[in-house]
Amino acid sequence: MRNSALRCGTYAFGVAVALVLLAILLLPKLTPYRLVFVWGESVNVSLALAVIPLESELVQGEYVTLTWSGVDPNNVPHLKPGATLVKRIGCAPGQVLQVTVTEVRCNGVLIGKVRKTSLAGLSLAPALFDGTIPKQFYFMVGDHPASYDSRFLGLIPLEWVSARLAVKV
């Protein structure tokens with residue numbers, strides 16, 4: 001009897017895994033949603049449901065995926081063109097941003113500190129800014145204090161944003 005229950009549980013688990021895999025494969029074909037798995041400590045998200053395309057304006061506090069398409073001013077080895085990043089919008093178009101060598105403020109509110117070195121000990125130069133964020137650009141941040149984000153990369157154009165994270169786990 002116990003062996004039969006074990007087999008039934010194993011079968012049910014196998015069916016559940018198969019259904020999840022099927023959903024992952026079909027989801028992009030049938031809906032505007034994509035599953036996003038997040039590795040690393042930059043944001044406090046490990047699995048998310050992303051919405052493509054972006055149908056409304058992005059706002060401060062939302063999480064997005066973006067494709068890095070620029071030149072890294074600090075030449076950090078792990079950031080390559082085409083890399084997909086998950087970040088939170090720290091400051092949006094029309095808001096006043098101030099990035100100094102020590103801190104970042106959006107509309108006068110402290111949103112982060114600027115560090116001088118990476119976790120690997122590499123020197124980092126901040127992307128200094130003092131003014132209103134132009135249309136179609138965003139200041140992106142990670143949740144981890146050591147996140148490599150707009151504090152060092154500068155403003156991110158909207159065209160690099162590929163999805164909005166709708167549900168985060």
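Is Ile 89 buried or exposed in this predicted model? Select Ile 89 to begin: its relative accessible area is 0%, and the residue is therefore buried.

**Stop 1: Ile 89 and its surroundings**

Ile 89 lies in strand E4. Display the residues around Ile 89, setting aside those within four places in sequence: the contacts are Leu 58, Val 59, Gln 60, Gly 61, Glu 62, Val 64, Tyr 138, Phe 139 and Met 140. For one of these, Val 59, the C-alpha atom is separated from that of Ile 89 by 6.9 Å, although the two residues are 30 apart along the chain.

**Stop 2: the whole chain**

Zoom out and colour by secondary structure. The protein chain has two helices and eleven strands, and in sequence order these follow the pattern α-β-β-β-β-β-β-β-β-β-α-β-β. Of the 169 residues in the chain, 36% are buried. Among contacts between residues at least 6 apart in sequence, 62% join residues at least 24 apart. Switching to a surface view shows an accessible surface of about 10100 Å², 64% of which belongs to carbon and sulfur atoms.

**Stop 3**

Apart from its neighbours within four places in sequence, Leu 97 is in contact with Cys 91, Val 104, Arg 105, Phe 129, Asp 130, Gly 131, Ile 133, Phe 139 and Leu 155.

**Stop 4: the aromatic pairs**

How many aromatic pairs are there? The count comes to two. For the pair of Trp 68 and Trp 160, select both side chains: the arrangement is edge-to-face, with 5.1 Å from centre to centre and 75° between the planes. This pair links distant parts of the chain, 92 residues apart: Trp 68 is in the loop between E3 and E4, and Trp 160 is in the loop between strand E10 (156–157) and E11. Trp 68 counts as buried because its relative accessibility is 3%, and Trp 160 is buried with a relative accessible area of 14%.

Now select Tyr 148 and Phe 152, an aromatic pair that is stacked, with 5.7 Å from centre to centre and 5° between the planes. Tyr 148 has a relative accessibility of 10% and so counts as buried; Phe 152 is also buried, with a relative accessible area of 1%.

**Stop 5: Asn 74**

Asn 74 is found in the loop between strand E3 (63–67) and strand E4 (84–91). Why does Asn 74 count as buried? Its relative accessibility is 15%, and the cut-off for buried is under 20%.

Two polar links can be drawn from this side chain. One reaches the backbone nitrogen of Ala 125 at 2.8 Å, and the other is a polar contact of 3.2 Å with the side chain of Tyr 148.

**Stop 6: the salt bridges**

The whole structure holds four salt bridges. Select Arg 164 and Glu 62, which form one of them, with the closest N and O atoms 2.6 Å apart. Arg 164 belongs to strand E11 (residues 161–168) and Glu 62 to the loop between strand E2 (47–51) and E3, so that the pair links parts of the chain 102 residues apart. Arg 164 is buried, with a relative accessible area of 11%.

Move on to Arg 151 and Asp 149, whose salt bridge brings the closest N and O atoms to 2.8 Å; both residues are buried.

Finish at Glu 103 and Arg 105, a salt bridge in which the closest N and O atoms are 2.9 Å apart. Is Arg 105 buried or partly exposed? Its relative accessible area is 27%, which means that Arg 105 is partly exposed. Arg 105 is also one of the contacts of Leu 97.

Technical notes:
Residues are numbered from 1 along each chain as its sequence is written. This is a predicted model: local features need pLDDT of at least 70, side-chain atom pairs count only at pLDDT 80 or more; totals for chains, interfaces and linings use all residues. Side-chain values use heavy atoms; hydrogens and water are left out. Helices (H or I, at least four residues) and strands (E, at least two) are DSSP runs, numbered from the N terminus. Buried means under 20% relative accessible area, exposed over 50%, partly exposed in between (1.4 Å probe, protein chains only). A polar contact is a pair of N or O atoms within 3.5 Å; within protein, one must be able to donate a hydrogen and the other to accept it, and residues adjacent in sequence count only if both atoms are side-chain atoms. A salt bridge is a side-chain nitrogen of Lys or Arg within 4 Å of a carboxyl oxygen of Asp or Glu. Contact means heavy atoms within 4.5 Å. Accessible areas come from the Shrake-Rupley method with a 1.4 Å probe; for residues, only the protein chains shown count as cover. Rings of Phe, Tyr and Trp (its six-membered ring) pair if their centres lie within 6.5 Å; planes under 30 degrees apart count as stacked, over 60 as edge-to-face and the rest as tilted.
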